Amino acid sequence: MAKIVKLDPINQEVSVQTNDNLLSGLLANELNVLKECGGRGMCSTCHVYIKEGMDSLSPINRREMRTLEVITTAKKFSRLACQARVINEGVVVEVPSGMYVSQIDDIEDLIGRRAEENILHPLTGSVLVEAGKLVTRSMISQLKDTQVEISEYIAKIQNT
Ligand code: FES
């Protein structure tokens, strides 16, 4: 049996098999979810807000809880889409807006341009460059450092 999940603010509905994770629904809808950690509950790139129906999802597990504590934009109704399984009807999801660092193919091309969307840190979800701000060379080196941090962080977590 499938359940209907609503996606906000794009105002779409998606059908997710009962007990499948929310991420499968987002991907089926061709939303560009980065899955920096490969769907293992260790990054912020599948972070969503549950506007309605928190009780219709599987409970938060320990790893998800730990990751949500690091995400600076996390709120009471935050979940990681790769960890939250859809059990019942009535789920309404809001996807945070912004682009994660590793989505940017050629970061250097952005120098001297204004960021079209907020550029977000893939582990903490914090805004590294605000939409409309000019991207400078020093910002770019900061973004590159962030990418190194991410691979080191994921390798460390995997070994624990
Ligand atoms: S894809 Fe990384 S936490 Fe879900």
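Which residue in β4 stands opposite His-47? I am working with a predicted model here, and in it I found Leu-80 facing His-47.

**Entry 1: around β3.** β3 (residues 47–52) runs antiparallel to β4 (residues 78–80), with three bridges between them. I then checked for β5 (residues 91–94), and three bridges join this strand to β3, again in the antiparallel sense. On that side I noted Glu-52 opposite Val-92.

**Entry 2: the largest nonpolar core.** I counted 19 residues in this core, and those touching the most other members are Val-5, Leu-22, Leu-23, Cys-46, Ala-81 and Val-93. Two or more residues each come from β1 (2–8), β2 (12–17), α1 (22–28), β3 and β5. I see that α1 gives the largest share, three residues.

Leaving aside residues up to four places away in sequence, Cys-46 touches Leu-23, Val-33, Lys-35, Leu-80, Ala-81 and Cys-82.

**Entry 3: a second core.** I also found a separate core of nine residues, with Leu-110, Ile-119, Leu-120 and Val-135 among them.

**Entry 4: the open sheet.** Three strands lie in the order β6-β7-β8, with mixed pairing. β6 (99–100) and β8 (127–129) are the edges; each has a single partner strand, so one side of each lacks a neighbour in the sheet. β7 (residues 119–120) and β8 run antiparallel, joined by two bridges. There I noted Leu-120 opposite Val-127, and Leu-120 also belongs to the second core.

Note on methods: Residues numbered from 1 in each chain as written. Predicted model: local features only at pLDDT ≥ 70, side-chain atom pairs only at ≥ 80, totals over all residues. Pairing = 2+ DSSP bridges. Helix = DSSP H or I, 4+ residues; strand = E, 2+ residues; numbered from the N terminus. Core = buried A, V, L, I, M, F, W, Y, C linked by C-beta atoms within 7 Å. Buried ≥ 20, exposed ≤ 12 C-beta atoms within 10 Å, placed from the backbone. Contact = placed C-beta atoms within 7 Å.
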